Amino acid sequence: MEFGIETWIDRLRDARRVTVLTGAGISAESGVPTFRGEGGLWRTYRAEELATPEAFARDPGLVWEWYDYRRGIVAGAEPNAGHRALVELEARVPSFLLITQNVDNLHQRAGSRAVCELHGNLFRSRCTAEGTTRDDLPNPLVEIPPVCTCGALLRPDVVWFGESLPVEALTTAGREAYRSDVMFVVGTSAVVYPAAALPERAAAGGAFVVEVNVTRTPISSVVDVTIPGSAAAVLPAVLDAL
Ligand code: OAD
């Protein structure tokens with residue numbers, strides 16, 4: 001079912017609980033490559049050679065070089081108007097949670113506070129022996145692969161293919177999606193589970209679900225409204241209309 005903005009913006013005005021699920025598309029206009037679209041990382045690189053536990057066991061240096069390259073891209077990028085609109089939305093609704101699949105830290109750099117990271121963060125690393133995390137590795141790395149003070153290898157604190165999502169983040173995301181009055185789904189191809197199930201979870205709990213994307217996705221037919229357009233253009237416009 002499709003509504004014009006004037007028909008559904010009241011839902012947002014009345015909403016007490018708002019959740020937002022973001023994917024790589026929201027950072028595209030900051031110059032950070034997405035995964036599956038034109039110029040997407042998985043069009044150039046093979047995920048199984050770079051983003052799996054097996055790849056890391058085989059060649060930790062190669063995996064770290066790839067993450068160091070991505071850290072470099074993101075460190076040189078700035079949050080865009082889409083990220084900033086979500087900071088403002090957070091300030092304007094009583095209860096807000098930003099659930100992101102992104103590991104680029106741009107939401108936090110923009111100023112978002114309630115951020116639930118489903119796939120980890122490029123700027124955190126984790127000890128493969130102790131499980132402790134840290135966010136103080138130099139950028140770019142001076143030692144590849146980096147090691148912990150305990151002597152074991154560090155790994156990027158991100159979720160790789162074949163790994164489970166952090167339990168607490170996923171539990172929080174599922175609960176808040178279900179409780180939300182409005183959910184925005186922004187810049188995600190909605191093909192990677194379990195994150196892709198969150199819009200349906202929100203709908204099951206009675207939320208009005210609004211998708212913002214430059215293309216149609218598998219969830220376009222199940223959401224209440226799809227706003228075609230870039231996140232950096234559409235989200236500020238939604239805020240203006242609020
Ligand atoms: P994808 O690359 O799969 O999808 C990006 C989505 O953003 C596509 O639907 C594009 O149409 C849309 N898009 C591109 N530019 C946009 C713009 N300016 N404004 C709005 N939408 C735009 O990225 P994700 O859905 O985030 O997982 O991918 C999900 C997961 O797959 C990632 O978190 C990553 C990847 O493998 C892990 O690394 C675990």
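This report walks through the strands, loops and ligand site of a predicted model.

## Ground rules

In this predicted model, local features need pLDDT of at least 70 and side-chain atom pairs count only at pLDDT 80 or more, while totals for chains, interfaces and linings use all residues. Residues are numbered from 1 along each chain as its sequence is written, and side-chain values use heavy atoms, with hydrogens and water left out.

Strands here are DSSP runs of at least two residues, and helices (H or I) are runs of at least four, numbered from the N terminus.

E8 runs parallel to E7, joined to it by five bridges; two strands pair if DSSP finds at least two bridges between them. Within this pairing, Val185 stands opposite Glu211 of E8. E8 also pairs in the parallel sense with strand E9 (residues 225–228), over four bridges, and here Asn213 has Pro228 as its bridge partner. Together, E7, H10 and E8 form a right-handed β-α-β unit. Right-handed means that, with the strands pointing away from the viewer, the path from the first strand over the helix to the second runs clockwise.

## Ile99 in strand E2

Ile99 lies in strand E2 and counts as buried because its relative accessibility is 0%. What is Ile99 in contact with, leaving aside its neighbours within four places in sequence? The list is Thr19, Val20, Leu21, Thr22, Cys116, Leu118, Ala173 and Leu198, with contact meaning heavy atoms within 4.5 Å. The C-alpha atoms of Ile99 and Val185 are separated by 9.5 Å, although these residues are 86 apart along the chain.

## Backbone details in the loops

Two cis peptide bonds are worth a look when you check torsions. One joins Asn139 and Pro140, with omega about 0°; Pro140 sits in the loop between strand E5 (133–134) and strand E6 (154–158). Another runs from Tyr193 to Pro194, with omega near 5°, and Pro194 belongs to the loop between strand E7 (182–186) and helix H10 (198–204).

Ala190 is also in the loop between E7 and H10. Its phi is positive, about 55°, although it is not a glycine, and Ala190 is buried at a relative accessible area of 5%. Asn105, likewise not a glycine, has a positive phi of about 70° and lies in the loop between strand E2 (95–100) and helix H8 (106–110).

## Around the ligand

Of the 23 residues around the ligand, Phe35, Arg36, Thr188, Ser189 and Asn213 come nearest; a residue counts here if one of its heavy atoms lies within 4 Å. Ligand oxygen atoms lie 2.7 Å from a side-chain N or O atom of Arg36, 2.6 Å from one of Thr188 and 2.5 Å from one of Ser189. Taken alone, the ligand exposes 790 Å², and the protein buries 91% of that; these areas come from the Shrake-Rupley method with a 1.4 Å probe.

Terms used. Buried means under 20% relative accessible area, exposed over 50%, partly exposed in between (1.4 Å probe, protein chains only). A polar contact is a pair of N or O atoms within 3.5 Å; within protein, one must be able to donate a hydrogen and the other to accept it, and residues adjacent in sequence count only if both atoms are side-chain atoms.
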